[in-house]
Amino acid sequence: MLKGQIMMNIMKRLATAFAVAIALCLGAQAAFAQSATLKAVQDRGVLNCGANGQLAGFGMPDPQGNWTGFDVDFCRAIAAAIFNDPTKVKFVPLIAANRFTALQSGEVDVLSRNTTWTMERDTTLGIDFAAVNFYDGQGFMVRKALKVNSALELNDASVCVQQGTTTELNLADYFRQNHMSLKSVTFATIDEAIKAYDSSRCDSFTTDSSGLYASRLQLADPNANIVLPEIISKEPLSPAVRQGDDTWEDIVRWTHYAMVDAEELGVNQHNVDDMLKSDAPDIRRLLGVEGQFGVSLGLTKDWAYRIIKEVGNYGESFERNVGQGSPLKIARGLNALWTKGGLQYGLPIR
Amino acid sequence: MPQSMRSPPSSQAARRTGNIALQVALVVIVGGIAYAAIHNAAQNLAEAHIASGFGFWNNTAGFDISQTLIDYSASTSTFGRAFWVGLLNTLLVSGIGIVIATVLGFAVGIARLSRNWLVSHLAGGYVELIRNVPLLLQLLFWYNSVLRALPLVRGSVSLPGGGLLNNRGLFLPRPEFSPGFEYVLVALLLGIAASIVLRLWARRRQDRTGEPMRIFWIAFGLIVVMPAVAFVATGAPLSFSFPTTGRFNVMGGVEILPEFAALLLALSIYTAAFIAEVVRAGILAVPHGQTEAAQALGLRPSTALRYVIVPQAMRVIVPPLTSQYLNLIKNSSLAVAIGYPDLVQVFAGSVLNLTGQAVEVVAITMAVYLFISLVTSLLMNLYGYAIAAEER
């Protein structure tokens with residue numbers, strides 16, 4: 001199973017690299033034209049969503065093949081807004097090293113795969129980031145038996161890391177900055193990196209701290225491992241789209257803000273129908289009772305109602321997938337609403 | 001020529017001109033398509049706001065690499081430097097893999113033709129088992145079995161001579177040279193050169209007089225004893241730094257990564273199975289009469305194999321052997337599955353993803369493999385010509 005998966009990943013990676021080369025050579029100009037993505041999605045009848053596939057809580061198919069996770073919910077929300085049906089999504093599992101090529105080449109319409117928004121990616125990859133939907137930071141996991149209490153004690157340690165990530169760069173930076181020597185062991189997929197860590201090939205495993213909590217559950221003995229307190233980087237995770245289709249980027253961006261606005265306004269999956277009768281103008285505009293806000297996106301005016309009805313608000317998705325309602329039990333922290341000391345701030349719909 | 005008798009010369013000339021025109025047209029069309037594809041790609045990249053060109057080459061890489069044969073640091077080295085690191089790692093594992101696969105393959109191929117039932121069937125079993133299981137699975141088997149079987153750093157196995165073995169790799173004492181060691185090297189090189197001259201002279205003498213000459217002990221004296229004397233005379237200018245276990249890892253010594261060991265094992269053992277078949281075919285291609293003739297001359301079987309059978313078999317062996325070498329080099333890119341930092345892992349992996357310039361990076365990577373393969377083919381062809389020239 002795993003061996004097959006690795007083989008598939010390698011094949012996939014090569015295939016994607018070739019696909020982008022061929023697509024660019026033969027001229028996939030249509031995919032980059034104005035507002036074309038929404039039309040292509042509607043004609044196709046399904047949203048192609050680039051997802052993780054290996055990260056519990058964010059994007060992973062369960063044994064029955066049903067995709068679940070925080071990033072998965074986001075794509076379901078977009079599908080709900082377009083089709084009024086959150087199941088009209090085709091999830092394409094991507095590893096870190098092929099995710100951008102998959103988006104560039106048009107294999108996926110949106111990349112919702114715990115991807116850090118950095119300036120270099122934003123300016124040189126031909127992609128745009130829509131909105132930060134998860135504020136994360138990189139951390140380290142070690143075996144308890146090593147009796148390490150701080151990442152600063154990791155001088156000379158071997159660290160397993162996934163290749164082609166900001167994690168790989170932060171790791172080198174952090175060790176250099178603290179005058180520690182590093183032996184990194186780099187793997188193409190997160191599964192391989194975790195497996196090598198679990199077989200003691202490395203002393204430590206590093207990724208975004210949300211990913212550490214998810215990965216810990218996959219270890220042979222999760223309780224024999226701890227996550228160190230240091231957070232060594234800023235990892236604002238954001239869905240991304242191809243540059244040049246501004247309307248499509250608006251749809252993705254406002255899907256996120258609609259979910260945050262809903263949480264701020266106390267609108268959730270269970271009370272959304274009652275809220276249609278609300279007198280509050282913010283809620284009436286959000287749910288499309290007043291105004292034509294969805295129409296200007298090329299959608300219907302009840303676009304946000306559909307999202308909340310089918311997927312829920314931001315807080316619901318968070319708690320269900322990675323928060324207290326999940327095995328991960330990640331605290332809201334920076335991802336709490338701005339009214340509760342966090343950074344999630346819904347932009348006004350008006 | 002009979003053909004020119006049948007058709008008048010003018011129509012033949014016309015046909016030739018037509019052929020040339022056709023070929024020129026074909027080249028123009030292919031060239032035109034290639035140009036259009038490249039031009040279109042560049043235009044589309046620009047329209048999609050994707051950076052293009054090779055400017056990234058001199059940007060700082062920023063990521064760490066676990067095995068570097070040349071100086072490399074994440075903070076100061078460039079993507080270009082990372083490319084060379086990856087390329088050298090590919091060449092290292094391919095080069096050593098080719099040597100091991102060749103030695104093992106020849107041994108197994110010859111063993112398979114042995115009259116000893118057990119030896120020939122063991123060799124046959126090896127070939128059938130190894131060449132019928134996908135290489136990637138074998139690679140994962142070696143990597144995971146190597147990793148799981150080896151002890152943790154704290155329980156490292158001490159090897160005779162001061163080496164250490166654990167799941168972080170094999171650590172050997174690192175030789176440290178003091179001034180004066182260059183005399184030892186000079187003595188060694190002189191010894192090797194003198195032995196080669198001696199051998200050529202002995203050959204020529206045998207050709208002239210028919211008297212064989214045993215030069216083994218003289219060569220031993222030149223290559224081993226002479227440098228040893230120089231070593232003692234200069235006051236033993238060599239010491240070793242021995243690996244020791246630190247808090248997490250082994251410090252000091254020469255490090256051989258488990259990823260490297262697994263890849264090398266998998267590549268050599270897999271390719272050796274194919275080389276064994278190539279060698280067997282080559283030997284069987286030599287007519288049996290040659291063996292009988294050698295026997296009739298009173299040559300012992302080992303001498304007959306060395307001087308009569310193998311030289312003739314080599315002419316058959318070299319072309320398919322070249323293909324096996326090329327396969328091994330290209331298969332080394334499976335390193336990506338186990339985290340060995342070869343060209344594909346470092347350059348078409350980390351560098352591609354950090355720069356996002358798939359077209360350039362993939363094109364460079366393909367060109368490099370093409371170049372390595374062509375050079376290997378060229379060398380093997382030269383060797384093929386060298387041994388074919390002896391044919392009468």
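Author: In this predicted model, domain 1 of chain A and domain 3 of chain A bury about 1,800 Å² between them. Carbon and sulfur atoms give 66% of that area. Three residues, Phe70(A), Asp73(A) and Ala81(A), supply 27% of what domain 1 of chain A buries against domain 3 of chain A, more than any other three residues. The domain assignment places domain 1 at 2–135 and domain 3 at 256–340, with domain 2 (140–229) also assigned in chain A. The contact takes 23 residues from domain 1 of chain A and 20 residues from domain 3 of chain A.

As for charged pairs, 1 salt bridge is found across the interface of domain 1 of chain A and domain 3 of chain A. Asp73(A) forms a salt bridge with Arg320(A), and their closest N and O atoms are 2.6 Å apart. Polar contacts across the interface of domain 1 of chain A and domain 3 of chain A come to 9 residue pairs, both residues being at pLDDT 80 or more.

On the side of domain 1 of chain A that touches domain 3 of chain A, the elements giving two or more residues are α2 (36–44), α3 (70–83) and β7 (134–136) of chain A. The largest share of that side, 9 residues, comes from α3(A). By class, the side of domain 1 of chain A that touches domain 3 of chain A has 15 nonpolar, 6 polar and 2 charged residues.

Conventions:
Residues numbered from 1 in each chain as written. Chains lettered and ligands numbered in written order. Predicted model: local features only at pLDDT ≥ 70, side-chain atom pairs only at ≥ 80, totals over all residues. Heavy atoms only, no water. Domains from an automatic or database assignment. Contact = heavy atoms within 4.5 Å. Buried area = accessible area lost by both parts, 1.4 Å probe. Salt bridge = Lys/Arg side-chain N within 4 Å of Asp/Glu carboxyl O. Polar contact = N/O pair within 3.5 Å; in protein donor to acceptor, adjacent residues only side chain to side chain. Helix = DSSP H or I, 4+ residues; strand = E, 2+ residues; numbered from the N terminus. Nonpolar A, V, L, I, M, F, W, Y, C, P; charged D, E, K, R; others polar.
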